Amino acid sequence: MRLSDFSAARGTGQSAPLLRRRTLLTAAGAAAALTAVSRPPSAAADAPAAYPLLTRRDWGADESLRFAADGTELWPPQYYPVQTLSVHHTDDGSTGLEPAALVRAIYRTAAGQYGDMGYNYLIDENGRVYEGRWSGTDGTAAHDAAGRLVTGAHIQGYNSGNIGIALLGTLTDRPASPAARGSLVQLLAELAERHAIAPLGKVVYRNPVSGVSRPAPAIGGHRHWTATDCPGTVYTAMPSIRDEVAALIAG
């Protein structure tokens with residue numbers, strides 16, 4: 001997804017119960033997590049997720065970018081129950097940037113247009129997961145304390161209740177790295193179980209702000225929603241990714 005493609009919806013929503021909270025891994029635990037034995041999301045509720053997650057503080061988010069000169073928050077967060085999960089590639093065309101620096105660059109561009117990062121999560125080729133859009137101070141990436149998703153800006157017209165996960169890089173002619181794909185499957189499984197989403201199922205998504213509805217895969221790619229080449233080769237891999245997510249949840 002190119003940075004110019006960001007778009008979002010705003011509004012308020014009703015709370016939904018958080019089915020499972022995971023311990024979030026910071027940079028200090030990232031190296032150990034990369035070699036940890038994976039466990040399915042059906043493991044104990046207080047068990048850490050099997051993917052390493054870097055918080056906004058870990059990757060160096062400049063929180064001042066979310067505010068105007070007078071201190072007004074450019075885009076106050078809005079929260080809605082999760083309905084779907086959507087996968088992207090950042091298609092940023094960058095070369096040579098260290099992953100955290102690339103995440104910061106994407107954030108700066110998106111903040112200038114939409115007040116914050118458009119994605120809820122990002123994943124680098126080493127399998128590290130980055131907390132995306134700011135969602136509060138309760139310690140749960142992408143969610144408020146009630147388990148609702150903070151609205152991002154990743155699919156025009158279909159953002160509220162739709163989790164946006166972006167693989168760093170341009171994947172139009174190459175697959176995701178094994179590490180990135182592995183963390184994507186782990187993250188999708190953790191989120192699908194948390195929100196009682198059937199990985200192999202379909203939903204009728206309804207935008208709680210605009211009322212627009214449409215059928216969609218419960219777990220899909222950007223291209224399932226609109227005419228785009230995003231998420232590149234990951235689009236054709238979505239059936240096998242869904243199978244892997246379902247198998248991981250089943251244990």
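Analyst: A residue counts as buried at under 20% relative accessible area, as exposed at over 50%, and as partly exposed in between, using a 1.4 Å probe and protein chains only. This is a predicted model, in which local features need pLDDT of at least 70 and side-chain atom pairs count only at pLDDT 80 or more, while totals for chains, interfaces and linings use all residues. Residues are numbered from 1 along each chain as its sequence is written, and side-chain values use heavy atoms, with hydrogens and water left out.

Five helices and ten strands make up the secondary structure of the chain; helices (H or I, at least four residues) and strands (E, at least two) are DSSP runs, numbered from the N terminus. Of the 251 residues, 51% are buried.

The open sheet has six strands in the order E1-E5-E4-E7-E3-E10, with mixed pairing. At its edges are strand E1 (53-54) and E10, each of which pairs on one side only. Two strands pair if DSSP finds at least two bridges between them. E3 and strand E7 (residues 162-167) run parallel and are joined by six bridges. In this pair, His 89 stands opposite Leu 167 of E7.

Helix H4 lies across E3, strand E4 (121-123), strand E5 (129-131), E7 and E10, and runs at about 170° to E7. Contact here means heavy atoms within 4.5 Å. Axes are lines fitted to C-alpha atoms, for helices over the stretch in contact, and angles run from 0 to 180 degrees between N-to-C directions.

Asp 91 lies in the loop between strand E3 (84-89) and helix H3 (99-114). Its phi is near 45°, a positive value in a residue other than glycine. Asp 91 is buried, with a relative accessible area of 8%.

Ala 196 also has a positive phi, of about 55°, although it is not a glycine. Ala 196 sits in the loop between helix H4 (178-194) and strand E8 (202-206). With a relative accessible area of 64%, Ala 196 is exposed.

Cys 230 and Pro 231 are joined by a cis peptide bond, with omega about 10°.

For the chain as a whole, 73% of contacts between residues at least 6 apart in sequence join residues at least 24 apart.
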